[in-house]
Amino acid sequence: MTPAWRHLPRTLRLETSSPRTPKTCPSLSGTVWRSVITLGLHTKPRMPPCDFTPEKYQSLPYRRVLEIYQQHLSPVHTAYYPQPLLLHQGHMQWLFDHEGNRYLDFFSGIVTVSVGHCHPKVNAAARKQLGRLWHTSAVFFHPQVHEYAEKLSALLPEPLKVIFFTNSGSEANDLAMLMARAHSKNIDIISFRGAYHGCSPYTLDLSNVGLFKMTLPSGVGCQSTMCPDVFRGPWGGSHCRDSPVQTIRKCSCAPDCCQAKDQYIEQFKDTLNTCVAKSIAGFFAEPIQGVNGVVQYPKGFLQQAFELVRERGGLCIADEVQTGFGRLGSHFWGFETHGVLPDIVTMAKGIGNGFPMAAVVTTPEIAKSLAKCVLHFNTFGGNPMACSIGSAVLEVIKEENLQENSREVGTYMLLKFAKLRDEFEIIGDVRGKGLMIGIEMVKDKVSCQPLPSEDINQIHENCRHMGLLIGRGGIFSQTFRIAPSLCITKPEVDFAVEVFRAAVMQHMERRAK
């Protein structure tokens, strides 16, 4: 088995101030990271212990996996790292690759594994239902969907009580678009620049990230509006967002009165007055933008935007695919942090802890408008397996107090990363709420130009080699996204922050040379 230090980039092993050969460390199979690696003056952070031993990998050789990937799978390149990870097993916040190396998962399957990989209670619910009934379709009743619908609806305020089950966030947002148009009898839908609402033909038009735009015709009637980004946008500063950490850019706002919000609202009004019809179908908003790099809006913005949309006859849709189920800590749903009540709420990802599941929740009146317009049907939506797993996820969140853990540990982590922002010139912004955090990298804090992709790639790779997996986001892929499972602990946060600091330090030293 290859020693762990051999996975480090060759440049890291050569560019040290000591002639000594780095100490070897056994591959990370087993229960703990058994030793540390000295790289010049730097010590590789010690990984916290884990009481789980993975099974031995006995499937396809790595080289054969690459061959199959190149010959038979989508040519669209989505895998992280020059040498993609071949993952084998997961346990709570930990992942294990085919060589037995252990990683702390701080991206949770793109903000999806909410209560931990293979959580025992969720696994038990899945196994029990697997032996009883897999699938019926909506033409027959089964108790699991009714039990789950009652549990989920109890977590949403009146009148959001009617649930449509689907299988993914794209499907959910696609259905929400149809609902808004069926109810309003209008076409135009507005979403923020930088928004990501899915990858179906209709939601692609709703998503406003360049990588997801097509040269082919897709949906119609979707218009973008300025994203009220208080760090990268033209307005905003140190009192504007709902986060324990504010942007370093100063502003003249009082703590309870955000002038940036007023400026962005004028831009929103401009969109309403120039880009859409007098009556519109709706407005989609993520409570915090995920794919765009955990972008937060000025306090009070969504309240005023929702009022303007409703004046035009439109519905307000909260996309909770990434923010829901307690991830933000202070509230169960992201829209609650803005003090708004949407007409439609979409959810996916964390709802099933990685099992394909999603939902659209709306009012009885809007649901009836859809029923009059179309015979909506989803073969797999609300299947017995998904609903059993979804019920177990809700029980774990409540029993293990994971929403409170998200608030406490997330705030602890935000403040730790904020100290790194003060230490390094290339960390431009740290933001977020609960366990949804963005770290935006810049060339310098004066220009705030995005750090070049090759620099971002190296820091990302450095973290991976030290046992930390994090995500990427932003229009220029300049932001690291931190979104671990809600079961994460403070010692694991300490390790992650140490790794990230070491990765940035290594990058800065290479750049200086």
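Biologist: Let me start from the rule: a salt bridge here is a side-chain nitrogen of Lys or Arg that lies within 4 Å of a carboxyl oxygen of Asp or Glu. How many salt bridges does that rule give?

Modeller: The count is 18 salt bridges. Keep in mind that this is a predicted model.

Biologist: Why would such side chains pair at all?

Modeller: Side chains with opposite charge can pair when their charged atoms come close.

Biologist: Take lysine 261, then. Which residue does its side chain meet in a salt bridge?

Modeller: Aspartate 262, with 3.2 Å from N to O.

Biologist: Is lysine 261 buried or exposed?

Modeller: Lysine 261 has a relative accessible area of 17%. The cut-off for buried is under 20%, so lysine 261 is buried. Aspartate 262 is partly exposed, at 35%.

Biologist: And arginine 407, what does it pair with?

Modeller: Arginine 407 forms a salt bridge with glutamate 404, and their closest N and O atoms are 2.5 Å apart. Both residues sit in helix 12, which covers residues 402-423, and they are three residues apart, or about one turn of the helix. Arginine 407 is partly exposed at 36% relative accessibility, and glutamate 404 is partly exposed at 28%.

Biologist: What about glutamate 395, which residue is its partner?

Modeller: Lysine 151, with the closest N and O atoms 2.9 Å apart. That pair links distant parts of the chain, since glutamate 395 is in helix 11 and lysine 151 is in helix 5, 244 residues apart. Glutamate 395 has a relative accessible area of 28% and is partly exposed; lysine 151 is partly exposed too, at 32%.

Biologist: Which residues are linked in a network of salt bridges?

Modeller: Arg232, Arg241, Asp429, Arg431 and Glu440.

Biologist: Back to helix 5. Which of its residues are buried?

Modeller: Gln144, Val145, Tyr148, Leu152 and Ser153. Looking down the axis of helix 5, these buried residues fall within an arc of 145 degrees, so they line one face of the helix.

Biologist: Now the loop between helix 4 and helix 5. Where is histidine 142?

Modeller: Histidine 142 is in that loop, between helix 4 (120-130) and helix 5 (143-153). With 6% relative accessibility, histidine 142 counts as buried.

Biologist: What does histidine 142 touch, leaving out residues up to four places away in sequence?

Modeller: Leu133, Thr136, Gly382, Asn383 and Pro384. There is also a polar atom of the histidine 142 side chain that lies 3.4 Å from the backbone nitrogen of valine 145.

Biologist: How far apart are histidine 142 and isoleucine 317?

Modeller: Their C-alpha atoms are 29 Å apart in space, and the two residues are 175 residues apart in sequence.

Biologist: Last topic, the surface. Which residues make the nonpolar patch?

Modeller: Val139, Phe140 and Phe377 make a nonpolar surface patch of about 340 Å².

Biologist: Where does phenylalanine 377 lie?

Modeller: Phenylalanine 377 is in the loop between helix 10 (364-373) and helix 11 (384-399). Its relative accessibility is 46%, so phenylalanine 377 counts as partly exposed.

Definitions and conventions:
Residues are numbered from 1 along each chain as its sequence is written. This is a predicted model: local features need pLDDT of at least 70, side-chain atom pairs count only at pLDDT 80 or more; totals for chains, interfaces and linings use all residues. Side-chain values use heavy atoms; hydrogens and water are left out. Helices (H or I, at least four residues) and strands (E, at least two) are DSSP runs, numbered from the N terminus. Buried means under 20% relative accessible area, exposed over 50%, partly exposed in between (1.4 Å probe, protein chains only). Contact means heavy atoms within 4.5 Å. A polar contact is a pair of N or O atoms within 3.5 Å; within protein, one must be able to donate a hydrogen and the other to accept it, and residues adjacent in sequence count only if both atoms are side-chain atoms. Patches are made of residues with over 30% relative accessible area and no salt bridge: like charges are joined within 9 Å, nonpolar side chains (Val, Leu, Ile, Met, Phe, Trp, Tyr) within 5 Å. Accessible areas come from the Shrake-Rupley method with a 1.4 Å probe; for residues, only the protein chains shown count as cover. The arc is that of the directions from the helix axis to the C-beta atoms.
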